[in-house]
Amino acid sequence: MTEETWGVNYRALRDLFHISKERADAIKYEVGVQMIEIYNEQVRDLLVSDGSNRRYPSSHTCCIYINHFSPLHIKTFYKFQKKKQI
């Protein structure tokens, strides 16, 4: 995947880290990222690192609440890229 093919989420994260670096003298940022996919009524954690391809059944109510998802705390966009292998 190249920078030209990145979607809005990757571009927003890149810009967020760029801004946080520029403002590092004045403000300390802590960034956590969660990424899920909802497909065929299955919810999948896209950032799971243990290779389990964790899936969660969705309920048939109007709303979805997903517990057991914890954010990935990252300090640079480069570390996010390595985690997602883009």
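A salt bridge here is a side-chain nitrogen of Lys or Arg within 4 Å of a carboxyl oxygen of Asp or Glu. The legends below describe a predicted model, in which local features need pLDDT of at least 70, side-chain atom pairs count only at pLDDT 80 or more, and totals for chains, interfaces and linings use all residues. Residues are numbered from 1 along each chain as its sequence is written, and side-chain values use heavy atoms, with hydrogens and water left out.

**Figure 1. Salt bridges around Arg 14.** In one, the side chains of Glu 3 and Arg 14 come together at 2.4 Å, N to O. Glu 3 sits in the segment before H1 and Arg 14 in helix H1, so this pair ties together parts that are 11 residues apart in sequence. Helices are DSSP runs of H or I with at least four residues, strands are runs of E with at least two, and both are numbered from the N terminus. In the other salt bridge, Asp 15 meets Arg 14 at 3.3 Å, N to O. Shared partners join Glu 3, Arg 14 and Asp 15 into one network. Glu 3 is partly exposed at 40%. Arg 14 is partly exposed at 25%, and Asp 15 is partly exposed at 38%.

**Figure 2. Ser 20 in helix H1.** Ser 20 belongs to helix H1, residues 8-22. Its relative accessibility is 14%, so Ser 20 counts as buried. A polar atom of the Ser 20 side chain lies 2.9 Å from the backbone oxygen of Phe 17. A polar contact is a pair of N or O atoms within 3.5 Å; within protein, one must be able to donate a hydrogen and the other to accept it, and residues adjacent in sequence count only if both atoms are side-chain atoms.

**Figure 3. The largest pocket.** Its volume is about 360 Å³. The lining has 16 residues, and Phe 17, Ser 20, Tyr 29, Ile 74 and Lys 75 lie nearest the centre. H1, strand S5 (72-74) and helix H2 (77-84) each supply at least two lining residues. H1 gives the largest share, four residues. A pocket is found on a 1 Å grid over the protein atoms alone: an open set of points where a 1.4 Å probe fits, with protein on both sides within 12 Å along at least five of seven lines. Lining residues have an atom within 4 Å of a point. Grid points are joined across faces, edges and corners, and the volume is the space filled by probe spheres set on the points.

Figure 4. Strands S2 (residues 36-39) and S3 (residues 42-45) pair in the antiparallel sense over four bridges. Pairing requires at least two DSSP bridges between the strands. Ile 38 in this view stands opposite Val 43 in S3. Two residues lie between the strands of the hairpin, and Asn 40 takes a positive phi near 50°.

**Figure 5. Two pairs separated in sequence.** Gln 34 lies in the loop between strand S1 (31-33) and S2. Gln 34 is partly exposed, at 47%. From Gln 34 to Asp 45 the C-alpha to C-alpha distance is 8.0 Å, and the two are 11 residues apart in sequence. Glu 30 is in the loop between H1 and S1. Glu 30 counts as exposed, at 68%. Glu 30 and Lys 75 are 45 residues apart in sequence, with their C-alpha atoms 7.3 Å apart.

**Figure 6. The chain and its confidence.** Two helices and five strands make up the secondary structure. Their order from the N terminus is α-β-β-β-β-β-α. Of the 86 residues, 23% are buried. The pLDDT, the predictor's confidence in each residue on a scale from 0 to 100, averages 76 over the chain. A score of at least 70 is reached by 70% of the residues. Confidence is highest in H1, at 90, and lowest in strand S4 (residues 55-57), at a mean of 60. Where pLDDT is low, the predicted coordinates should not be read in detail.

Conventions:
Buried < 20%, exposed > 50% of the residue type's maximum accessible area, 1.4 Å probe, protein only.
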